[in-house]
Amino acid sequence: MQAALDQLTQLPPLVTSWEVAALKRQLALAAEGKAFVLQAGDCAERFVDCSSRRIANQLKILIQMSLVLVQGGGRPVVRLGRFAGQYAKPRSAETETRNGLTLPSYRGDLINRPEFSLEARTPDPQLLLRGYERAALTLNFIRALVKGGFADLHHPEYWDLDWAKSSPKFDEYRRLVHSITDSLQFMENILGIPASGSERIDFYTSHEALHLGYEQAQTRKVPHRPGWFNLSTHFPWIGIRTSAPGGAHVEYMRGIANPIGVKVGAATPLADIRRLLETLNPNSEPGRLTLIHRFGAARVTDGLPPLIDAVRRAGRPVVWMCDPMHGNTHTTASGFKTRRFDEIVHELEQSFAIHAALGSCLAGIHIELTGENVTECVGGARGIGESDLEKAYESEVDPRLNYEQALEVALLTARLLKRSR
Ligand code: PEP
Ligand code: CO
């Protein structure tokens, strides 16, 4: 593995410290309610999905959701993809057994492969390099699309998804987009010039910083800015399984200047919160530390208020985000890992209400989704049932909202945001 990591150290970075600093400023604004963060993408990116169609579809759904949030929520939206490096997965079980054969679990394309054979499940250090290269290809295409006008607000048809028009929520979405393009037209008519910047929408990248060798190999000093930067992504985050205050992941994150996230939930001891805040944000820097809470619909009402209270008592600023996905995962009788749309919605509604009641600001949402027409989560306007899951279940790890369900979550979140204004 060391040889692969040495090679990784020699390769140029994927992002710059300017971009990283700009994201931190935007997160600080979001914490004050002056922007809203949409962090979203696959649970795990797959190497096979590093294709123009898949990447474009992922951008399309993120652009659509963000427009809905801007229009309904009345504040700028920071788009933070779970992409260009979301290749390593923490697993609850070390091994998986099928028909009496026990093999190591699949840990993401950065480590091994999902096929059920010893060869596929044996970690291969070359995958670290293949993953880095695919992250670079993904980001390169995203940057080119965005620069080339793909996200131009004058052309909403560029980011319509093929199957969008048959969606039960499409009319509501269309009306929102028309009101945006009408306003833009109105402004340009008054100004007599094109509204500058309207042809560009920025995307930031994020991934779970799980493989510390990989992250460290891309951690650099830059000429004109103090500190160390992880330049493989703008926003690395720590998953809930690796968030112990004295653990290696917290120790790594402590040393970098990026804005960072930590997942917290029912499994996080409240006693750890103060230590996490002190260790990860010793200078109380706004925008530096995001807490992404993921309690689950059944536990958020009990779990979130004491967490907000513990943070308040610690006296350091955080950016609050809600992940309504990871506390709501169930396995069906036929063995599909799924999530119920109504539970996801319930956790979002409760989270907005609790933050509002306690005078803190919910600054963003963290969603697993895909621009593809999959059937992995049940419910939503089209009423996907458990018996539909087998029709288009693609995820090797967690179930994602499909295009329609994701848009529906955006419409609902926009309403919740409007209410909290
Ligand atoms: C994830 O975001 O895919 C994940 C594994 O989350 P958590 O650490 O919250 O379980
Ligand atoms: Co996941």
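Strands are DSSP runs of at least two residues, numbered from the N terminus. The structure treated here is a predicted model.

**Exercise 1. The largest pocket**

Describe the volume and lining of the largest pocket.

Solution. 
- Step 1: The volume of the largest pocket is about 530 Å³. Its lining consists of 28 residues, and those closest to the pocket centre are Pro 90, Arg 91, Ser 92, Lys 337 and Asp 398.
- Step 2: Sorted by class, the pocket lining has 14 charged, eight nonpolar and six polar residues.
- Step 3: Strand E3, residues 95-98, supplies three residues, the largest share of this lining.

**Exercise 2. The surroundings of ligand 1**

State where ligand 1 sits and which residues are closest to it.

Solution. 
- Step 1: The place of ligand 1 is the largest pocket, whose volume is about 530 Å³.
- Step 2: Around ligand 1 there are 13 residues, with Arg 82, Lys 89, Ile 240, Lys 263 and Arg 294 the closest.
- Step 3: The shell around ligand 1 is made up of seven charged, four nonpolar and two polar residues.

**Exercise 3. The cavities**

How many cavities of 30 Å³ or more are there, and what lines the largest cavity and the second largest cavity?

Solution. 
- Step 1: The count of cavities of 30 Å³ or more is two.
- Step 2: The largest cavity holds about 190 Å³ of space. Its lining has 15 residues; nearest the centre are Asp 42, Glu 45, Asp 49, Arg 54 and Ile 55.
- Step 3: Helix H3 (52-73) and helix H5 (126-147) are the elements that each give two or more residues to the lining of the largest cavity. The largest share, three residues, is from H3.
- Step 4: The classes in the lining of the largest cavity are seven charged, five nonpolar and three polar residues.
- Step 5: The second largest cavity has about 30 Å³ of volume. Its lining residues include Gly 379, Gly 380, Arg 382, Asn 402 and Glu 408.
- Step 6: In the lining of the second largest cavity, four residues are polar, three charged and two nonpolar.

Definitions and conventions: Residues numbered from 1 in each chain as written. Chains lettered and ligands numbered in written order. Predicted model: local features only at pLDDT ≥ 70, side-chain atom pairs only at ≥ 80, totals over all residues. Heavy atoms only, no water. Near = heavy atom within 4 Å. 1 Å grid on protein atoms, 1.4 Å probe; cavity = no way out; pocket = protein on both sides within 12 Å on 5 of 7 lines; lining within 4 Å. Sits in = over half its atoms within 2 Å of the grid points. Nonpolar A, V, L, I, M, F, W, Y, C, P; charged D, E, K, R; others polar. Points joined across faces, edges and corners; volume = space filled by probe spheres on them. Helix = DSSP H or I, 4+ residues; strand = E, 2+ residues; numbered from the N terminus.
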